[in-house]
Amino acid sequence: MEIQVNGQWREFPDEATVADVLEALGTATQGVAVALDGEVVRRGRWTDAVVAKGARLDILTAVQGG
Amino acid sequence: MDGDLLVIGEHKLTSRLVIGTGGAANLAVLERALVASGTELTTVAMRRADSEGGSGVLELLKRLGIRLLPNTAGCRTAAEAVLTAQLAREALETDLIKLEVHADDRTLLPDPFETLDAAERLTADGFTVLAYTNDDPVLALRLEEAGCAAVMPLGAPIGTGLGIRNPHNIELIVSRAGIPVILDAGIGTASDATLAMELGCDAVLLATAVTRASDPERMASAMRAAVTAGRLARGAGRIPQRFWAQASSPPR
């Protein structure tokens, strides 16, 4: 299935969870936060939050700014 | 000035200089400037995790023992700012948020309506909100009523280095505020930071003035001294201004 990760469409297995997506991308898990279709997914729910086909996943971290 | 603490919500700070990390040439330059500034609270922005230069700044701030102040820079609406704040809280495990909602790219001025809307939602959600606002005494009061822990009026637009364009408005804000007032944006050099403190501000936030100075470390030292000097002068009670001279030596 295709989902939109940080604005880019990518292919993931059906029933992939947020944790699966982060692992596949090799994203550092400390200091990041995830929003699924505009709603925050708490860290403790990453392993059971299933990403639906066509969903929008945003992965954010802190950078220099302000 | 032992025991002269800056209290923002539950957070207590000795330093009255908040530094923004944007604009530094590299992390080594940033580190020297942060150490020289004596800051205990420093801003970071939230961006997509695949963008360049991500995690280094977090490791640096952790190593220096500096508290994080995530901001919502880049947000145009209250809804965007609320989501960004929630993501920052989740990623960085802090309730502190510097709320900024910019109206447009040329001025980067805060949008008052979206800012107030977001402030109400974020305080209801348990955040300690530091709200970036125009130098508007009425809006500052409204933000305080919305439950903000601090208001951050601008001296001039972000990155301009134009100093404090309306000192009287800053004094008006200070005179009625029951929460800390942090002068944010527009600082160009040390005298601007001193003036902010002499006007009664509780702290100063600046980034560009240090990070884009020719010698960021030296400018950070200057800002530290400037904030301390302004705080001391404010507390010392300046003399009234006079039209005519008054001899300081005894008449013979």
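**Figure 1. Overall dimensions of chain A in the predicted model.** Chain A has 66 residues and a radius of gyration of 11 Å. A compact globule of 66 residues would have a radius of gyration near 11 Å, so the value for chain A agrees with that expectation. Along the principal axes, the C-alpha atoms of chain A fill a box of roughly 40 × 25 × 20 Å.

**Figure 2. Secondary structure of chain A.** Chain A contains 1 helix and 5 strands. Read from the N terminus, the order of these elements is β-β-α-β-β-β.

**Figure 3. Burial and contacts in chain A.** Of the 66 residues in chain A, 27% count as buried. For contacts between residues at least 6 apart in sequence, 57% link residues at least 24 apart.

**Figure 4. The open sheet of chain B.** Strands of a sheet pair through backbone hydrogen bonds, and the pairing can be parallel or antiparallel. In chain B, 3 strands form an open sheet with parallel pairing, in the order β6-β7-β8. The edges are β6 (96-99) and β8 (150-153) of chain B. Each of these two has a single partner strand, so one side of each is left without a neighbour in the sheet. On average, neighbouring strands of this sheet are turned by 20° against each other, direction ignored.

**Figure 5. Pairing of β6 and β7 in chain B.** Strand β7 of chain B covers residues 128-133 and pairs with β6(B) in the parallel sense. The pairing runs over 4 bridges. B:K98 stands opposite B:L130, which lies in β7(B).

Terms used
Residues are numbered from 1 along each chain as its sequence is written. Chains are lettered from A and ligands numbered from 1 in the order in which they are written. This is a predicted model: local features need pLDDT of at least 70, side-chain atom pairs count only at pLDDT 80 or more; totals for chains, interfaces and linings use all residues. The radius of gyration is taken over C-alpha atoms; the globule rule is 2.2 Å times the number of residues to the power 0.38. A residue is buried if 20 or more other C-beta atoms lie within 10 Å of its own, exposed if 12 or fewer, and partly exposed in between; C-beta atoms are placed from the backbone. Two residues are in contact if their C-beta atoms, placed from the backbone, lie within 7 Å. Two strands pair if DSSP finds at least two bridges between them. Axes are lines fitted to C-alpha atoms, for helices over the stretch in contact, and angles run from 0 to 180 degrees between N-to-C directions.
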